[in-house]
Amino acid sequence: MHPYSLKSSKGAPFPPRPILVFLIAIFGFYVCYISFNQITLEYRSEENSGEVQAEIHCRKPRLPHEELRYVHFPKPESYSRGECSCNPVRFFVLVSMQRSGSGWFETLLNSHPNISSNGEIFNRVDRRENISSILQTLDKLYNLDWFTSAAKNECTAAFGLKWMLNQGFMDHHDDIASYFNKKGVSVIFLFRRNTLRRLISVLANDYDRDAKQLNGTHKSHVHSKEEAEILAKFKPVLDVSNLIPNIRNAEKYIRDCLDHFNTTRHMILYYEDIVRNRNALFQVQEFLGVPVRKLVSRQVKIHTSPLPGLVSNWDDVSNKLNGTQYAHFLDGADYVR
């Protein structure tokens, strides 16, 4: 037999042509499948690498080195920041006491298109039951998963809240200060120099909470001159025997707060200074790293009269404070409308 003949009288017969075609097709499909998987893996690898590069890029904005720890790129779970994912956000907290002008000041902040201050979120007791609930609430807030009327959009550049000293802030001051430093939260302290005026405002607000002088509704802040005049008619009687201790305790409370949080990045403001000089608001905006703009508020001040016209027992109050370190509260020289 010819050595190159395909026929053989011995051994297994050669597979029929249809089976041969089927096997070749299967092999071709297998090769294509493997090649496609390799291309997909390479593409995903490149895609992930791009995400990492984008993340690294976001974490290195053109800022002084000492400010880098205070800029963040949060990734909310409830929505996507989209094209703003690499827009840096600064976290802040406005720390104050009731009737110190914090409500008015917060409306000023929220008039800026890039600032969102979300109010007193810790006025609810369940959010400040213990340090764990406090930190969980803060984590949710600073992840931008917090929705209030103050929330702007995914391109917000400064995001924070208002926190009163008596809302768990001082009860857990060590843990909270540590959290602020680790999280890179900037603190704005806002107090009143004239604690006597603050005390009068507190008593008047407490009265209206029960009296509801505005058509059966209690309002801590008003937006019209007429409403302000109605609320200002009430003149509280101050407890003269405890007046100086109350003023002294309020001032100590403030000093203790500033001592506990002196390691944080912070600025200290006083209501009277802002009223006198609106340039103070420019400094606040620079502190928060947002473009400086004119800030506005629709709130109307309630108590605008000189102090003698705000208290029923003014003569007793005046006699009590005259000759003391708090006598300067009486002349109103520290307050200018």
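**Entry 1: helix H6**

I began with the packing of H6: its buried residues pack against helix H7 (225-232), H8 and helix H11 (314-321). I took buried to mean under 20% relative accessible area, exposed over 50%, and partly exposed in between (1.4 Å probe, protein chains only). Helices (H or I, at least four residues) and strands (E, at least two) are DSSP runs, numbered from the N terminus. The model is a predicted one, in which local features need pLDDT of at least 70 and side-chain atom pairs count only at pLDDT 80 or more, while totals for chains, interfaces and linings use all residues. Residues are numbered from 1 along each chain as its sequence is written, and side-chain values use heavy atoms, with hydrogens and water left out.

I listed buried residues of H6, including Thr195, Leu199, Ser201, Val202 and Asp208. The 17 residues of H6 should span 24 Å, and its end C-alpha atoms are 24 Å apart, which agrees.

Within H6 (residues 195-211) I looked up serine 201. Serine 201 counts as buried because its relative accessibility is 8%. Leaving aside neighbours within four places in sequence, serine 201 is in contact (heavy atoms within 4.5 Å) with Arg99 and His303.

**Entry 2: the chain as a whole**

I noted eleven helices and five strands in the protein chain. Of its 337 residues, 42% are buried. Among contacts with a separation of 6 or more, 75% are between residues 24 or more positions apart.

**Entry 3: nonpolar cores**

I defined a nonpolar core as a set of buried Ala, Val, Leu, Ile, Met, Phe, Trp, Tyr and Cys residues joined through side-chain atoms within 4.5 Å. The largest holds 33 residues, of which Trp163, Phe169 and Phe180 touch the most other members. Elements that give two or more residues to this core include strand S1 (90-96), strand S3 (158-164) and helix H5 (173-183). H3 gives the most to this core, with five residues. I found that another core, of 23 residues, lies apart from it; among its members are Phe92, Leu94, Ile115 and Ile274.

**Entry 4: salt bridges**

I looked for salt bridges, each a side-chain nitrogen of Lys or Arg within 4 Å of a carboxyl oxygen of Asp or Glu. The structure holds eleven.

Glutamate 67 and arginine 90 meet in one of them (3.0 Å, N to O). Glutamate 67 lies in the loop between H1 and S1 and arginine 90 in strand S1, so the pair ties together parts that are 23 residues apart in sequence. Glutamate 67 is partly exposed, at 24% relative accessible area, whereas arginine 90 is buried, at 9%.

I next examined lysine 162 and glutamate 106, whose side chains meet in a salt bridge (4.0 Å, N to O). Lysine 162 lies in strand S3 and glutamate 106 in helix H2 (residues 102-110), so this pair ties together parts that are 56 residues apart in sequence. Lysine 162 is buried, at 5% relative accessibility, and glutamate 106 is buried, at 9% relative accessible area.

Lysine 162 also forms a salt bridge with glutamate 120, with the closest N and O atoms 3.4 Å apart. I recorded that shared partners join Glu106, Glu120 and Lys162 into one network. Glutamate 120 is partly exposed, with a relative accessible area of 24%.

Note on methods. The expected span of a helix is 1.5 Å times one less than its number of residues.
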